[in-house]
Amino acid sequence: MVTRIKTRPGRLLGALAVSLLFAGSAQAADPDKFKIGGVVSLSGTYGIFGEDMRKGVEVAIEQRGGKVLGKPIQVIWEDDETKPQPAVQKTTRLISEGVQVIFGAVSSASSIAIMNIAKQRKIPHLVTMSADDKITVPHGSRYTFRTSNTLGMEQRMALSFTKEQKLKRIYGVTADYQATRDSWEWYRREAEKAGVEIVGADFAPLGNRDYSSIVDKIARSNADGVALFMTGSDAVTMVKQAGQVDLGKTRKIFGPVIADETMAAGVGPASIGVYSGVRYHFSVDNPANHKFVEAFRKKYNELPSSAAGEAYDGMSWWLDTVEQTGSWDKEKWVTAFENSVRENSVEGRKAMRACDHQAMQDGLWGVVEKGVAPAPAYTMKIAKVFPPNAVFDPCQP
Amino acid sequence: MSTLIIGLSLGMLLFLLASGLTLIFGMLGVINFAHGALYMLGAYIAFDIGRHTGSFVAGLIGATVLVALAGALIERLALRPLYDRPHFYQLILTFGVILVISEVVKVVWGLGYQESTMPPALAGTVDMFGSTIPVYRLFVIGFGALVSGGLFLLIEKSTFGMLVRAASSDGEMVRLLGLPVASVRMAVFALGSGLAGLAGAIAAPLFPIELGMATNTIIDCFIVVILGGLGNIRGAVAASLLIGLVRAIGYSYMPSWVDILTFSLLIATLLTRPQGLFFRATRSA
Amino acid sequence: MNASRFDLWLGLPLAAIALLLPFTGPSDFMLNLATLVMIWAVFAIGFDFVFGLLGMVSFGHASFLGLGGYALALATQMWGLPFCAGVSLAIVAGALCAWLFSFFALRVSGIFFALVTLALSQLLYILADSKLRAWTGGADGLPGVARPGLGGIDFFDSTLFYWYVLAVFALVMAAVVVLRRSPFGRVIAGIRQNETRAEQLGFDVHRYKQITFIVSGGISGLAGALLASLLMYVNPQMLHWTTSGDVIIMTLLGGAGTLWGPVIGVLAFEVLKEWLSGWTQYWYGILGLIFILATLFFPKGIVGELQERYGQWRDKAARRDGRIS
């Protein structure tokens, strides 16, 4: 495997000099390498997730001997600083460097921006992290695929959890952001249909740093469940501050994407007992996952996070599909991937849906518990596995 | 009533954060964009000391002292040649400092969230006014009041304060009198930075510790400094408490409008009372 | 010191590079970078009207840039207007926003000007990010911003878009040169040197400042439209105060108040960033160190320092020639 982090020094100045000398620097089109352009966040809000995705992809490539179609695989990693503008810039650069597929990004805003370039330049685009439902819609982009979870899946599990726990009165807190707002509105509608009373709903700005007023309102309400539609720093701050008044002792705290090991590490003891949708988990019991977790531990001396697992899974699936086409034609890869099924994914069976390019898969619902080494101090335990038909709507054209 | 307690604790935390900034601005005329980064550094240091020694107090002291030292270093190496140049040079310089500090934090502590637990003595809750209030919030209020009192005495009543004020109003004259203006300036910058570190240590158990702290907080600090009047410590106390209360009430009733209202208030203040809401005829510390 | 001859000496090679670049078979990436640099240079030139010529630090320029981008996006996507109309609207939007800001910001001076513009633009950013979501797409932004369409020419092609931007850039440069040399430009220079004197000479200083601010806003709006078109994407991040911070740094790096300073500053900033981020993962910190060192040792910026050297060299040459003759 050849891994190069971003461009070599002086390439730019070199290229400029060469250009000026009229030597011409034609892009070598012959595929002596399989180039993957990875646009992930290595700094900014989601920097931690990008780093883990990189690790997952590297294990995926190593496991296949660093080759696909008989050629060595090269990944060029770029940092989008968790902002869409650099994501667009870096993607354009990667495409001009002749990458065969774009992998990323972390934040949905970046992924959506990349999606448009990929569509226009006809370059396959693989998403394994961003959960916004807008990324995989019927008649979306022919070139963009998502192998990871959607927010829609997670919200269905949250609803089902509400019913199962027989929660009667829900207080909802939502990050003031389109995707989470949509998700909350859906949940609210469905929950009310099921006879659940919504006793309060607040929308806090993205990046809010103090939830104590909202926590206090929840504590004084008669809610028996707290539904949190937020993620990242917002989620960590909210759950941490809820813990400061022991909100979780008397009420069930849950949300579609409210917790994973990364976020729980920031929350601390207050994360115990919080329920959340889980994208991927190292404890999933199947041979493919055992093999991956072992390889990951050997290489990095830690257990793979959900970001790492999803990245590994999506990339292995993609590379296997490319291998099977035996061709260097991107269109063939896209067509093949559209109809592919992965029986031995690390999360069980995954099937790509041709109509919207979303991988149908099991939904994992988990709860944070105290971890025992080598697991992190606060670790997710899978509480329930939902079959695909329970978490996905049929594809509506 | 619980809203009042929450508002006060938010306000005091804001004050701890902004006091260093307003001190540095008032005394040195320097806009320190890196103040948020110093605050973040304080939180990380407190977290790390706490993790290794198990002592909250050690973290508090360690963060204050180490960040103050970092501040002294920044002043000595970078800011000193810039006092006579226009403000925007300090702006770029301190912007550069943000990038350097963030890089250091990234290398030392990594990209992930860190978590620092409350000291056991302050970890409980008390029931007041029909709400459950974390003891730590009350501690923040008390501690903030203590620091603001101490600062006030230091600046207004002590010899050091007199020297600082003299140096800030006419540095050249003080220098001619044979007093060490350069050292005084360095001390002020170190003190302001130390306050940022202290704020970071106090905030560490309340918030997730992450790299975003550096840029998220600086705008909050500016709001307090502007509303309180540039360089006015008493004004900063009042402004912090006002903002804290407005936020606590705002978050209870219409959280998504809080920031918009805060900025509207800020603009109105800048236009009608540029010296701050609490300006009185003579400038105080 | 003859500034205009210096500007010419500096401008000629830059123009030559810009004109020859597309014929050297550059990669898409090179062309995109060059296009990006020119667009940001237009923004920096617009910004420097207020910063370099009037000596006022504005943190509001992110608003003008962002509004320009959104004006183009909305005009072409929502109202189906042609690209040219969208760009014109972007200029108008930037200018209009600057005009509105000027009522608030020009009442105060010095540091307060910076703070008022910061607060205003941050308010706009927060609104765009939350309450105006239906128009701005919220944090996700609006993808698929148009590229120019002229008689079937495909401006999705990087080379053609490069020519388009180069033409706009050249027009802006020419306009700036003319404006600087016009009576208006001289009055502005006079205001910067001594505001009271200009006032006593009977100039309506406030009015001149306001017009400069509006022109600056219009140019920034134009840059915003081009940027949105290059990226085919616009989001509220463009309106964030850090965007204003970036343009301040670039302008100072190149040399505020000089003709080519903003352009060279943008070029140096972007190339440095690309180069550093390819060279080391610690590029953020190193970039910070470079800012610190540049502030300390090259306060006049690259072009400012060069201009000074050039002036010294000319003086020396003149003296030597004088002695000989």
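Trainee: Hi! In what sense do strand 11 and strand 12 of chain A pair, and over how many bridges?

Mentor: Hello! This is a predicted model, so keep that in mind as we go. Strand 11 and strand 12 (residues 275-278) of chain A pair in the parallel sense, over two bridges.

Trainee: Which residue is the bridge partner of A:F254?

Mentor: That is A:Y275, in strand 12 of chain A.

Trainee: How does the chain cross from strand 11 to strand 12 of chain A?

Mentor: The path goes through helix 10 (residues 261-267) of chain A, and this β-α-β crossover is right-handed.

Trainee: Okay, what about strand 10 and strand 11 of chain A, parallel or antiparallel?

Mentor: Strand 10 (residues 225-229) and strand 11 (residues 252-255) of chain A pair in the parallel sense, over three bridges. In that pairing, A:G225 has A:K252 in strand 11 of chain A as its bridge partner.

Trainee: And what holds paired strands together in general?

Mentor: Strands of a sheet pair through backbone hydrogen bonds, and the pairing can be parallel or antiparallel.

Trainee: How many bridges join strand 8 to strand 10 of chain A?

Mentor: Five bridges join strand 8 (residues 169-175) to strand 10 of chain A, and these strands run parallel. You can find A:V173 standing opposite A:L228 of strand 10 of chain A.

Trainee: Zooming out, what is the strand order in the open sheet of chain A?

Mentor: The order is 9-8-10-11-12-16-17, seven strands in an open sheet with mixed pairing. Strand 9 (197-204) and strand 17 (378-386) of chain A are the edge strands, each pairing on one side only. From one strand to the next, the twist averages 25 degrees.

Trainee: Which strands does helix 6 of chain A lie across?

Mentor: Helix 6 (residues 178-193) of chain A lies across strand 8, strand 9 and strand 10 of chain A, at about 165 degrees to strand 8. Helix 7 (residues 212-220) of chain A also lies across strand 8, strand 9 and strand 10 of chain A, running at about 175 degrees to strand 9.

Trainee: New topic! Where does C:F43 lie?

Mentor: You'll find C:F43 in helix 2 (residues 28-53) of chain C.

Trainee: Is C:F43 buried or exposed, and why?

Mentor: C:F43 counts as buried because there are 31 C-beta neighbours inside 10 Å, and the cut-off for buried is 20 or more.

Trainee: Which residues does C:F43 touch, leaving out those up to four places away in sequence?

Mentor: C:F43 touches C:L65, C:S220, C:A223 and C:V247.

Terms used. Residues numbered from 1 in each chain as written. Chains lettered and ligands numbered in written order. Predicted model: local features only at pLDDT ≥ 70, side-chain atom pairs only at ≥ 80, totals over all residues. Pairing = 2+ DSSP bridges. Helix = DSSP H or I, 4+ residues; strand = E, 2+ residues; numbered from the N terminus. Right-handed = clockwise from strand over helix to strand, strands pointing away. Buried ≥ 20, exposed ≤ 12 C-beta atoms within 10 Å, placed from the backbone. Contact = placed C-beta atoms within 7 Å. Axes fitted to C-alpha atoms, helices over the stretch in contact; angles between N-to-C directions.
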